[in-house]
Amino acid sequence: MQVLTTLLFACVLAAVRAVIRTPLEAFRPSGEIHIRRPDKLPLLPHRRSNSAKSGLKVLYQTGVSEEDLPDCRPRQVCNKVDLYESTQPWIERKCRCLGHRPCSSDLSDDDNHTLADKTTLYKTCEPVKRLPKCRYFKDAAWVIYSFPDSNATQQIVNCHCPKLSVTYLLRKLPYTTPSGIEGNQYQFACSPQSRLRCSRKEPCKLFSARRRHEQIDEVNASTICQCPRDHTCPKHHTEPGVLPGVTYVAEDIRTYHGYCLPGPPPETYRFVGDKD
């Protein structure tokens with residue numbers, strides 16, 4: 001009976017995951033960012049990867065090789081370069097550029113084919129200098145299309161954010177393809193980096209993590225507020241000052257809350273755009 005119950009639960013969970021295709025960038029947990037930190041904050045151990053950067057791990061959004069990828073649409077993101085783990089960056093191949101053009105896998109953002117957002121580099125087939133500059137809070141810098149019958153998403157770029165900006169989910173809208181397939185579109189706009197000061201016991205950063213590979217976690221980190229003087233906010237979800245939050249089983253997403261701690265930041269991790 002127990003085996004039958006376990007199999008039934010696994011089937012239900014698989015069915016749920018087959019329907020839900022929320023991109024991690026668009027995931028917004030409900031309410032827990034307002035949880036107050038306890039007076040005595042237990043610190044998670046600071047784990048640092050010892051793996052050397054011997055080569056980039058490549059994931060394919062569709063299939064297992066270049067031949068399985070679809071052709072890119074105009075202004076579509078062809079590569080997603082994840083620099084969250086500074087010692088082990090990885091690339092997700094999204095689509096193939098037309099005309100046998102290569103899609104950049106450069107780990108820098110100065111190749112004229114990159115839009116940088118926090119620890120992620122979004123690569124496009126077309127030069128980004130041709131894109132107009134987005135207006136804060138008004139223009140959709142990019143739109144992610146997600147469909148229930150496929151694991152794949154399409155990210156179409158419209159404009160580039162001003163320097164020292166971050167993106168946020170502007171709105172979620174239903175979408176129907178010309179063939180009648182219904183899905184969702186997630187529109188992201190640009191915002192200046194938050195300058196609000198954290199209040200006492202308020203988390204300064206929210207981490208959302210999803211397992212993509214047996215050795216790879218995709219992590220999205222969102223800054224909520226700025227720490228007081230002589231305090232720093234964790235940059236990684238395994239650093240001291242981070243507490244585990246809610247786990248969303250259906251979405252296969254784990255959340256963590258980072259809190260301000262006295263002292264300088266660790267030197268282990270760097271975000272895109274960080275200055276010395």
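I began with the disulfides and found eight in the structure, taking a disulfide as a pair of cysteine sulfur atoms within 2.5 Å. A reminder to myself: a disulfide is a covalent bond between the sulfur atoms of two cysteines.

This is a predicted model, so I noted the ground rules: local features need pLDDT of at least 70, side-chain atom pairs count only at pLDDT 80 or more, and totals for chains, interfaces and linings use all residues. Residues are numbered from 1 along each chain as its sequence is written, and side-chain values use heavy atoms, with hydrogens and water left out.

**Cysteine 72 and cysteine 95.** I looked up this pair and found the sulfur atoms 2.0 Å apart. The torsion about their S-S bond is about 100 degrees, so I wrote down "right-handed". My strands are DSSP runs (E, at least two residues; helices would be H or I, at least four), numbered from the N terminus. Cysteine 72 and cysteine 95 are both buried, where buried means under 20% relative accessible area, exposed over 50%, and partly exposed in between (1.4 Å probe, protein chains only).

**Cysteine 97 and cysteine 125.** Here too I read 2.0 Å between the sulfur atoms. This link is left-handed, with -90 degrees about the S-S bond. It joins distant parts of the chain, 28 residues apart: cysteine 97 sits in the loop between S3 and S4, and cysteine 125 in the loop between strand S5 (120-124) and strand S6 (140-146). I found both cysteine 97 and cysteine 125 buried.

**Cysteine 161 and cysteine 190.** The sulfur atoms of this pair are 2.0 Å apart. A torsion of about -80 degrees about the S-S bond makes the disulfide left-handed. Is cysteine 161 buried or partly exposed? At 22% relative accessibility, cysteine 161 counts as partly exposed, while cysteine 190, at 0%, counts as buried.

**Strand S3.** Which way do S1 (residues 57-60) and S3 run? They run parallel, joined by four bridges; I count strands as paired if DSSP finds at least two bridges between them. Valine 58 has isoleucine 91 in S3 as its bridge partner. S2 (residues 77-82) and S3 run antiparallel, also with four bridges, and I found lysine 80 opposite glutamate 92 in S3.
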